[in-house]
Amino acid sequence: MAKKDKDNKIHSGDRLVATNRKAYHDYFIDETLEAGLALVGSEIKSIRAGQVNLRDTYVAIRNNEAWMVGSHVAGYAEASYQDHDPRRDRKLLMHRREIMRWRIKTEQRGYTIVPLRLYLKNNIAKVEIGLARGKRAYDKREAIAERESSRDIARALKEEMR
């Protein structure tokens with residue numbers, strides 16, 4: 001239920017595992033990109049079981065590599081003594097030119113890179129990351145007011161149709 005085309009529409013072929021709803025509340029998302037994840041065996045099993053939390057997660061670029069920091073992938077109960085650390089940093093698999101382009105934007109323009117969604121695409125874990133600008137408090141209030149007004153309009157139209 002998470003395969004997207006170039007218009008960010010979701011198709012039925014793949015499965016959405018986790019979303020970072022807080023990112024959409026706290027940031028303006030200017031650009032998105034799909035990246036793979038370097039995982040160990042027990043992590044992919046936990047992801048397939050849906051035991052992932054992306055809240056308070058961000059992407060850091062270290063030594064020309066992108067790392068997802070702060071995500072929580074719960075331990076896998078059936079894993080033996082070789083279970084993974086739930087809070088470890090996970091390497092993102094991206095092209096070097098993409099990493100460098102996003103690194104320049106984060107250093108010069110004050111952007112942040114945040115994970116937006118984690119999904120399985122052909123049974124492979126993928127994460128959608130976004131280039132984000134922080135929202136101010138008045139921006140958040142404005143977004144809430146806009147959302148409520150659109151709900152009121154939809155409600156009024158629905159009532160009128162009856």
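**Figure 1. Seven strands of the predicted model form an open sheet in the order β3-β10-β11-β4-β9-β7-β6.** The pairing within this sheet is antiparallel, and its edge strands are β3 (15–19) and β6 (58–62), each of which pairs on one side only. From one strand to the next, the twist averages 40 degrees. The model shown here is predicted rather than determined by experiment, and its protein chain holds four helices and 11 strands.

**Figure 2. Helix α3 packs on the sheet.** The strands touched by α3 are β4, β6, β7, β10 and β11 (124–134), and the direction of the helix makes about 150 degrees with that of β4. Within α3, which spans residues 96–109, R103 and E107 are four residues apart and are therefore separated by about one helical turn. These two residues form a salt bridge in which the closest N and O atoms are 3.1 Å apart.

**Figure 3. Strands β7 and β9 pair in the antiparallel sense over three bridges.** In this view A66 stands opposite L92, a residue of β9. A salt bridge is also found here, between E65 and K91, with the closest N and O atoms 3.2 Å apart. Because E65 belongs to strand β7 (residues 65–69) and K91 to strand β9 (residues 90–93), the pair links distant parts of the chain, 26 residues apart. Both side chains fall in the intermediate accessibility class, since E65 is partly exposed with a relative accessible area of 27% and K91 counts as partly exposed at 28% relative accessibility.

**Figure 4. A salt bridge joins E34 to K121.** The closest N and O atoms of this pair are 3.4 Å apart, which is inside the 4 Å limit used for a salt bridge. E34 lies in strand β4 (residues 27–37) and K121 in strand β10 (residues 112–121), so the contact ties together parts of the chain that are 87 residues apart in sequence. E34 counts as partly exposed at 31% relative accessibility, and K121 likewise counts as partly exposed, at 26%.

**Figure 5. E31, R101 and K105 are linked in a network of salt bridges.** Side chains of opposite charge can pair when their charged atoms come close.

**Figure 6. The protein chain as a whole has 162 residues, of which 34% count as buried.** Among the contacts in the chain with a separation of 6 or more, 64% are accounted for by residues 24 or more positions apart. The accessible surface of the protein chain comes to about 10,400 Å², and carbon and sulfur atoms make up 47% of that surface.

Notes: Residues are numbered from 1 along each chain as its sequence is written. This is a predicted model: local features need pLDDT of at least 70, side-chain atom pairs count only at pLDDT 80 or more; totals for chains, interfaces and linings use all residues. Side-chain values use heavy atoms; hydrogens and water are left out. A salt bridge is a side-chain nitrogen of Lys or Arg within 4 Å of a carboxyl oxygen of Asp or Glu. Helices (H or I, at least four residues) and strands (E, at least two) are DSSP runs, numbered from the N terminus. Buried means under 20% relative accessible area, exposed over 50%, partly exposed in between (1.4 Å probe, protein chains only). Two strands pair if DSSP finds at least two bridges between them. Axes are lines fitted to C-alpha atoms, for helices over the stretch in contact, and angles run from 0 to 180 degrees between N-to-C directions. Contact means heavy atoms within 4.5 Å. Accessible areas come from the Shrake-Rupley method with a 1.4 Å probe; for residues, only the protein chains shown count as cover.
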